[in-house]
Amino acid sequence: MVALQRNLWVALVSIIGILGAFSCTVDGVPRRILLDTDVDTDDFFALLYLLKLNRSEFELEAVTINTNAWTDAGHAVNQIYDILYMMDRDDIPVGVGGEGGILENGTILPNVGGYLPMIEQGLSTAGYCRYRQAIPIGLGGRLDIDSNYGIRKAFLPQGNRKYSPLQQPTAQQVLINKISAGPISVFLIGAHTNFAIFLMSNPHLKKNIEHIYVMGGGVRSKNPTGCCPSNSTSTCQPQQCGDPGNLFTDYTSNPYAEFNVFGDPFAAYQVIHSGIPVTLVPLDATNTIPISQEFFDTFEQSQGTYEAQYCFQSLKMARDTWFDDQFYTSYFMWDSFTSGVAVSIMKNGHNNNGENEFAVMEYMNITVVTSNQPYGISDGSNPFFNGLKVPKFHLKKGGVHSGHVQTGLRDPFCIVKNSKGKCKDGYTEETTGPESVRVLVATRAKPNRDGKSPLDREFFRSFLDVLNNPLQTGRFNFTTQFPYYKQVLYKPDLRTKKLGKPVIFDMDMSAGDFIALFYLLKVPMEVIDLKAILVSPTGWANAATIDIIYDMLHMMGRDDIPVGLGKVFALNQSDAIFSAVGDCKYVKAIPHGSGGLLDSDTLYGLARTLPRSPRRYTAENSQKFGAPRNTDHPELRQPLALEIWDSVVSSLKPRSKITILTNGPLTNLANIILANATASHFIQDVYIVGGHINRSISDRGNVFTILSNRYAELNMFLDPLAAKKVFDSDINVTLIPLGVQRRISLFSKVLKGLDKTERTPEAQFVHRLLSRLGRLKKNNHRYYHMDIFLGEVLGAVILAGDHSSLKPTFSIKPIKVFAEGFESKDGYTYIDNAGKSVKLLENVDPRAFYDLFSQQLGNEKQSAVIGSFDDQKRMWSTPSNRTENSS
């Protein structure tokens, strides 16, 4: 009976699709759509909704990724690839990033990556987070969106497409290719940077853009969240209640803007004023379609496809981890609703009134505010005008772009004492006169035509019907992709081993850190007992990259080693009012694109070749740890760095102490010291890979994106206050500075050593990674700093203690760290008689280092138990390999 009903549904849907196709095709050709997305949770709801539509009516031609909002490029692009693989749509091109820049005179070079808002874009992908700092980085923010709360890795299948350095199509390439091919509609459901750059660079292609559909802005909206209940006491203070915008982290400065438009107001202005027809689905409409409990409950019972399951599991985790008890009045159908409205309008032939099934429409005259009055001022806030004889892009002096531009969350200009903020950057303001543009605006969601349905909005019904349509459905998820999948954890039997000194490795997940981790895992357990790994997401990689650590430990049979996630901000960088957000004063030095975060987050395109561990970051949480409620599996909660530290200390044998190796900013170590006055009693030694003791004026550091800072080393610069705290403490420090690291940083030498060694899986992986880094350094100027990462391995080799061949020389020097808030000097380590007495590594034998490193990786002892993801695929596809030894 179930099969009969399913067949009838398929037949009915097919008939409806055929009939409907006549109304939304042009000469039998389906409407072409390009989606530009920031890959937030609701974004992939919208993507999956579009993928499910009848392809004879609508053809999703491409996806481009907006990289300066809620997700980070490396994580976002691979999630999109996995979704498309699940849906059997590997034919859809995906564009992300690019290394182009914008000259001071406003010339836009090819392939600008969109990592920065246009007002901050120079010639590099490193830059300030003027607007993006309004988005939380950790829990409930980019960490959870990058990983999709941990669901992405557990659910989505992994295909062959992935990010690869210099091979990944850029956003601009995909935009140009697809828009050049003919008439197309563009859906913008993130910040508008990519598309604005396209329009400004390719005005001749505007004629091919039929329509622009935008989720963003708030025109006449009044935010329904943050209001006091009707029966509340006088002590309740309304927060966002009634604001036009939804910047819940920033309403004290800017109550007018909505996140997508605020992400790049100048870009949004260019889009709205492009002369192309625009339909806007702002907060006015999305505020009228909150996720109701009735919709949630109905969705829970309507998961007939893999795509419906993925969406529901994501929505449920968003609800279960919501920061208060107002989820059902605070979480709305933003981007998915926009896709539904847009497609319904397109079905009706773009008629003048925007008639559609799901939203009430009205024409309004609006603009996008990009700066604040008075115009024409020169207060240093506006790079379009600051110090320029001719404003960038030839903008009008004294015009609407020439006022004060909000500089950050707590911009004093924006703060009004005892009132909400006055800044309007990103406000889609209703206006008249020459700055106004006539735009079709959705004002509210239509009710369900079936008054007896528990779903009170017409789009709710459509969304669930489309997702559960058995046509064009997902093929499998990660576990059903393989007929003999079995979850296995690999843990060594340590009961009979005499373990070496307890060690904690603190890393910021640069390429060099992962190589160092391999080395530590290869050192005999009788020498080093690697107790834990602490992760500092204040450096070379974003927090969600922690999953690579889990995969590497799984490969090496060390699923017993706990991993603790550190704080996402350097010391004194989190916001004093809303600690989930903060400044990027130091981490702005790390490029977002090639050779920076994009490559670190994907391990230069090689992370997905590692075996997949059952362990991963998850947003699962527990009231025991301060969460508002328990999620379904609180035992899977990601431990924090301080919790792992406390656990290791409590497990120490009497009189035992911990040796710590730090390969990144000293944020975690400083927080350990700050949290426990007796922490130093449990620390034997700390080996710090970092710092630079310059010997001459020409002996520069490596903060290569901050030209004014000549002598600092990046690990010290990325959190100078933490470094100062550590160097002011009484712990024993051995410093492995930049100078000695540079002596062992020749790719040709280390690769030659690896060529001679046994080909263990870990040696092969490291060889492949280093070969790629060396080749990139040779062939592209964006990668000229790759040798930084080779030097980071030295700390692990020194800590291992086999010094007979290395011939290391040490000196004792009094060291201090500059941390006074000056960008040009912070992070500078220097010799000062008043400084801490530090053991300083002066020299090693480079040849001995290369030999020792390669021999250890090639040693067949403590080698990988599973070599790669390809090995796993073979194992999970073969009946004879269904069982596997594990603990």
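Predicted model: local features only at pLDDT ≥ 70, side-chain atom pairs only at ≥ 80, totals over all residues.
Biologist: Where does UniProt place the nucleoside hydrolase domain?

Modeller: The unreviewed UniProt entry puts "domain: Inosine/uridine-preferring nucleoside hydrolase" at residues 33-371 and 503-850.

Biologist: And for the protein, how many helices and strands?

Modeller: It comes to 29 helices and 19 strands.

Biologist: What does the radius of gyration say about the overall shape?

Modeller: A compact globule of 887 residues would have a radius of gyration near 29 Å, and the protein has 28 Å, so the two agree. Along the principal axes, the C-alpha trace spans about 80 × 70 × 60 Å.

Biologist: Let's talk helix packing. How do α16 and α17 cross?

Modeller: Helix α16 covers residues 511-522 and helix α17 covers 546-555; their axes come within 11 Å and cross at roughly 30°. Angles under 35 degrees count as roughly parallel, which makes α16 roughly parallel to α17. The crossing is right-handed.

Biologist: Which residues do the touching?

Modeller: On the α16 side you have Phe 514, Leu 517, Phe 518 and Leu 521. From α17 come Ile 548, Ile 549, Met 552, Leu 553 and Met 555. By class that is nine nonpolar residues, with no polar and no charged ones.

Biologist: What about α11 and α15, at what angle do they cross?

Modeller: Roughly 15°, with the axes coming within 11 Å. Helix α11 is residues 293-300 and helix α15 is 458-467. At that angle the two are therefore roughly parallel, and α11 passes α15 in a right-handed crossing.

Biologist: Which residues meet there?

Modeller: Phe 295, Thr 298 and Phe 299 of α11 meet Phe 460, Phe 463, Leu 464 and Leu 467 of α15. That contact splits into six nonpolar residues, one polar and no charged.

Biologist: Now α2 and α12: parallel or antiparallel?

Modeller: Roughly antiparallel. The axes of α2 (residues 41-51) and α12 (residues 306-320) come within 10 Å and cross at roughly 165°. The cut-off for that label is over 145 degrees. The handedness here is left-handed.

Biologist: Who meets whom in that pair?

Modeller: Thr 41, Phe 44, Phe 45 and Leu 48 from α2 meet Glu 307, Tyr 310, Cys 311, Ser 314 and Leu 315 from α12. The contact has six nonpolar, two polar and one charged residues.

Biologist: Switching topic to the backbone. Is the bond from Gln 373 to Pro 374 cis or trans?

Modeller: That peptide bond is cis, with omega near 5°. Pro 374 sits in the loop between β8 (359-368) and β9 (428-430).

Biologist: Last one. Which strand holds Pro 814?

Modeller: Strand β17, residues 809-817. The C-alpha atoms of Pro 814 and Ile 831 are separated by 5.5 Å, though the two are 17 residues apart along the chain.

Biologist: Which residues does Pro 814 contact, leaving aside its neighbours within four places in sequence?

Modeller: Those contacts are Tyr 830, Ile 831, Asp 832, Asn 833, Gly 835, Lys 836 and Ser 837.

Notes:
Residues numbered from 1 in each chain as written. Heavy atoms only, no water. Axes fitted to C-alpha atoms, helices over the stretch in contact; angles between N-to-C directions. Helix = DSSP H or I, 4+ residues; strand = E, 2+ residues; numbered from the N terminus. Parallel < 35°, antiparallel > 145°, perpendicular 65-115°, else oblique. Left-handed = near helix turned anticlockwise from the far one by under 90°. Contact = heavy atoms within 4.5 Å. Nonpolar A, V, L, I, M, F, W, Y, C, P; charged D, E, K, R; others polar. UniProt positions renumbered as here; feature names shortened; annotations may be inferred. Rg over C-alpha atoms; globule rule 2.2 N^0.38 Å.
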